[in-house]
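Me: I have a structure open and want to learn how to read it. Please take me through it one feature at a time.

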Amino acid sequence: MIIGIDMDDTICSTNELIIEEADKYDKEVLGGSGVKDINAYEFTEMMGWPKEMKGQFFADRLEYIMSHSPIKDGAREVINRLHDNGCKIIIISFRKDKYLKDPYKLTIDWLKENDIKYDKVYVNTGTKEDECIENNVNLFIDDKESHCEDVNRVGIDVLLFTNAYNHDEKRFKRVDNWYQVEEYVKEKYNG
Ligand SMILES: [Mg+2]
């Protein structure tokens, strides 16, 4: 079986660290008082920043954030167990070189540091279905609805990994953690 997996907010909790670092950045660099509205859907609105500030913040801090993004509970354990049981693990990330020196190196370094077994890594992707088709992916896991939609449209099974913003999405089978991924693979694919 071949599994395609997203990185940010699927394997690691990037969004939480972005908010934590933005809070520090606002206080330390911009002289503000930190997060303005934690429930705001849009990031700059959450920070009370003008739209263009997001680019400056990412240019300054995204490299640090993505290399320090904490691994999600059970991710190492479950992914490595699936790999040991014969599953191929293909990491498919939208990470771009706009704010990162080398998103590929950053990603493989992080995977090595966190002891995650994998077979292939893609970064800088478009809508992700091309990488899934090219690698004969059977199951694709991502926290972003649009990626699930694009991959599912070409007939590939998808799991939507719950994040802070996708609670209303009902079209895809949802998982809240990696143990639920493992359960699903066992039940549906005898993996
Ligand atoms: Mg993601």
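**Reading the model**

Reply: Start with alanine 59, which is found in helix α3 (residues 53-68). Helices (H or I, at least four residues) and strands (E, at least two) are DSSP runs, numbered from the N terminus. Two cautions come before the rest. Residues are numbered from 1 along each chain as its sequence is written. This is a predicted model: local features need pLDDT of at least 70, side-chain atom pairs count only at pLDDT 80 or more, and totals for chains, interfaces and linings use all residues.

Me: Is alanine 59 buried or exposed?

Reply: Count C-beta atoms, placed from the backbone: 20 or more others within 10 Å of a residue's own means buried, 12 or fewer exposed, and in between partly exposed. Alanine 59 has 12 others within 10 Å, so it is exposed.

Me: How many helices and strands does the chain have?

Reply: The chain has eight helices and six strands. Along the sequence they follow the pattern β-α-α-α-α-β-α-β-α-β-α-β-β-α. The radius of gyration is 17 Å, close to the 16 Å that the globule rule gives for 191 residues, so the chain is as compact as a globular protein of that length. That radius is taken over C-alpha atoms, and the rule is 2.2 Å times the number of residues to the power 0.38. The C-alpha atoms fill a box of roughly 55 × 35 × 30 Å along the principal axes. Buried residues make up 31% of the 191.

Me: How should I read a helix pair? At what angle do α1 and α3 cross?

Reply: Two packed helices are described by the angle between their axes and the distance between the axes. Axes are lines fitted to C-alpha atoms, for helices over the stretch in contact, and angles run from 0 to 180 degrees between N-to-C directions. Helix α1 (residues 14-28) and α3 cross at roughly 135°, and their axes come within 10 Å. They are therefore oblique to each other. The cut-offs: under 35 degrees is roughly parallel, over 145 roughly antiparallel, 65 to 115 roughly perpendicular, the rest oblique.

Me: Which residues of α1 and α3 make the contact?

Reply: From α1 come Thr14, Leu17, Ile18, Glu21, Ala22 and Tyr25; from α3, Phe57, Arg61, Ile65, Met66 and His68. Contact means C-beta atoms, placed from the backbone, within 7 Å. By class, the contact of α1 with α3 has seven nonpolar, two polar and two charged residues. Here Ala, Val, Leu, Ile, Met, Phe, Trp, Tyr, Cys and Pro count as nonpolar, Asp, Glu, Lys and Arg as charged, and the others, Gly among them, as polar.

Me: And what is the angle between α4 and α8?

Reply: Helix α4 (residues 75-84) and helix α8 (residues 178-189) pack at about 25°, with axes 8 Å apart. α4 and α8 are therefore roughly parallel. Ala75, Val78 and Leu82 of α4 meet Trp178, Tyr179, Val181, Glu182 and Val185 of α8. The classes are seven nonpolar, no polar and one charged.

Me: Last, the backbone. Which value does phi take at aspartate 9?

Reply: Aspartate 9 has a positive phi of about 65° and is not a glycine. It lies in the loop between β1 (2-5) and α1. Aspartate 9 counts as buried, with 22 C-beta neighbours inside 10 Å. Asparagine 136, also not a glycine, has a positive phi near 50°. Its loop runs between α6 (129-134) and β4 (139-142). Asparagine 136 is exposed, with 12 other C-beta atoms within 10 Å.

Key: Two residues are in contact if their C-beta atoms, placed from the backbone, lie within 7 Å.
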